Every structure is written in C-alpha cells, then in structure tokens.
Amino acid sequence: MKPPHFWSGHLDPQSREAAPFTRTLLTPLAGIYAGVTARRIRNTAPTKLNIPVICVGNLTAGGSGKTPIVAAIRAKLSEQGIRAASLSRGYGGRLRGPTKVEVRQHDAADVGDEPLMLASTGEAWIARDRADGGEAMEAAGVDIVVMDDGHQNPSLAKDLSLVVIDSDDPMGNGYVIPKGPLREPVMAGLMRADGIVLTGCSETPDWLEDAPIPVLRSQLRRLTDVPDGPLIPFAGIGRPERFFSALSDDGADIQDTVSFPDHHMYSAKDLTFLKGLARDHSATLVTTEKDLVRLNASDQADITVIKVVADFEDDTGIDALLMRLISKLPT
C-alpha cells in the first residue's frame, strides 16, 4: 500500500493536508501499536546463534535505503574472505523458508523482490521465522548473518544493530503507525541501536548532532548511465519520488512518472498501460532494479534498469563497527 500523504514530515501539522482531525482519531490506535511492539520486544527471549548477526533496520515503514546498505556491508565482509549472507523475511513471496535464494531457480513470487535482488550480488536467504533462518544459515556454514530489516523483531539476538534513517524525511510526521510512519517511538528504537546510517542528501538532523552512537552517511551511486532522450520512469518502491528526483537531478528528459505501491507485482494490464504511455511520448521506460525483478523476462526487454549501490562517505566508521565482530571470528 502507499503510505498516507499525512505521514509526511514536510507538511504544516495544522494544515488540511496534514489531517489533524484524522491524526487525533488515530491516536489511541497508535498507542496500542507502540505498546504491543514494546511488549513483544521486552517479553521475547531471542535465539542466540554461535555466529554474529548484524541487523540493518529502520524506525519507519517504507523505504529508507536498507537493502543497498545490507548489500554494501555484505560486500565489505566478503572482501575479507568472510562468508557473509543476507537474511530477509521474503515479503511478498510464497515460500516461508528457511531457503537459500537462487537467481536461476526462484523468482519474486517465490522469495520476494529484495531477496532476489540481493541474491544477484551475493549469498541471500529468506525465512519468515528469523530465528529458524539464522540457525539454518549457521548450519550451512555462514560466518556472519546480515539481516535486512528486523529492528523490531526480537526473535533473533543481534550483535550489531544499525538503524537506517532517510535524512530527507527522517521520521515523517513523528507519530507511530497508523497515525504516522514510525514503527515505534524514536528514542525507544535508538536505545537498542549501535549505529545510525543516514541516507539521502539533506543535512544531519539537529537532534542527531550529539547522538551517543556513531552516525554514518551513505549515498547511492549509479552503476548505469541514464538513457538519452525522453524517459518515463516508473517504480513500486517505498519512495518512488526519490528515484524520479534523482533522474531529474541528473538532467533526464522526464515526460511523465508512474508510481505503484511498494513491492507491487506488475500485471499484464500494468505493462500494457506503461508501454502505451511510452509509445505516446516516444519515450523509454526506466525503472529500479527492485522493480525489474518483479517483471516477467519477456517484459524486461524494452525497459532500462537503473542499478545503484550504496557507498559509505567515510569507511572508517563502518569498518570500526564491523571489526568488533570480525575480531571475534575463529581464525
């Protein structure tokens, strides 16, 4: 689903767009949601593996750039000869796992879009039950688990917890679901974190200037050139507008944009509409790698994918955090 417009942090809280009356009505439900989350975290006895677990999570619903960060951390570990593998819930896929994702064997309908994307650049697993997934990965010989999402999931003990925050809209309107995008109150989530990774291009929020844990910056780097000529970008990700704005900032000739809900599974009707729109504008369709894996192979032929990777602005901070775990691995 698309997040409600009033979740945005860029609105005047008293304006009609910010829906103050609706937010007031949702206040009790937000309190219940936060309370249930807190009790689950407090009362669950997590499974502790014999191998380190890194969690890359966030505090809000929607896209903050977690998956590219997971891939970047996994790559850093792999470069040192460590068998690091990602672990995802497999949202949108039919398989419950634990399952090692194989690009040639699975598709997005099996395992979800993000795990399939992660499997294209390294070892990736899915499991609806994170503890079962971690145990299966340990039994298979994985050295370090890099969990994509799960900061609010207490079932698997974490050795390093990183919270990803989008600097362009850090906490939305600042309220808990369904009143706002927060999965839990900000301070409650940050108290369990060992580090913060800021994505986006905005300045570091004032309230993070004196954070007691490391604050790292990460930016997306394009691996593919933006095509020349008229373009129609489309995306079904957490924040499609970020993808569209990045193309526009790079000077792309954008004729129109089309947004879909996050994890949207494209239908034949969707593709007919998109390709018709492209013909009308004599334009090229462009999308994200996460969207491309949700398209049938036959539909991918006429669509250009913009691939990106996450780079840390200063590797010193993330390397120091990872070294805490690497130093404990058996030699």
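**Charges and rings**

Modeller: Glu203, Asp206, Glu209 and Asp210 form a negative surface patch. Such a patch joins like charges within 9 Å, from residues with over 30% relative accessible area and no salt bridge. Glu209 sits in the loop between strand E7 (195-199) and strand E8 (215-222). This is a predicted model, in which local features need pLDDT of at least 70 and side-chain atom pairs count only at pLDDT 80 or more, while totals for chains, interfaces and linings use all residues. Residues are numbered from 1 along each chain as its sequence is written, and side-chain values use heavy atoms, with hydrogens and water left out.

Colleague: How many salt bridges does a search of the whole structure find?

Modeller: Side chains of opposite charge can pair when their charged atoms come close. The criterion is a side-chain nitrogen of Lys or Arg within 4 Å of a carboxyl oxygen of Asp or Glu. The search finds 18 salt bridges. In one of them, Arg242 meets Asp166 at 2.6 Å, N to O. Arg242 belongs to helix H7 (residues 240-249) and Asp166 to strand E6, so the pair ties together parts 76 residues apart in sequence. Asp166 is buried at 4% (under 20% relative accessible area; exposed is over 50%, partly exposed in between; 1.4 Å probe, protein chains only).

Colleague: How are the rings of Phe260 and Tyr266 arranged?

Modeller: A pair of aromatic rings is described by the distance of the centres and the angle of the planes. Rings pair if their centres lie within 6.5 Å; planes under 30 degrees apart count as stacked, over 60 as edge-to-face and the rest as tilted. For Phe260 and Tyr266 the centres are 5.0 Å apart and the planes at 80°, so the pair is edge-to-face. Both Phe260 and Tyr266 are buried.

Key: Patches are made of residues with over 30% relative accessible area and no salt bridge: like charges are joined within 9 Å, nonpolar side chains (Val, Leu, Ile, Met, Phe, Trp, Tyr) within 5 Å. Accessible areas come from the Shrake-Rupley method with a 1.4 Å probe; for residues, only the protein chains shown count as cover. Lys and Arg count as positive and Asp and Glu as negative; His and the chain ends are not counted. The place of a charge is taken as NZ of Lys, CZ of Arg, CG of Asp or CD of Glu. Helices (H or I, at least four residues) and strands (E, at least two) are DSSP runs, numbered from the N terminus. Rings of Phe, Tyr and Trp (its six-membered ring) pair if their centres lie within 6.5 Å; planes under 30 degrees apart count as stacked, over 60 as edge-to-face and the rest as tilted.
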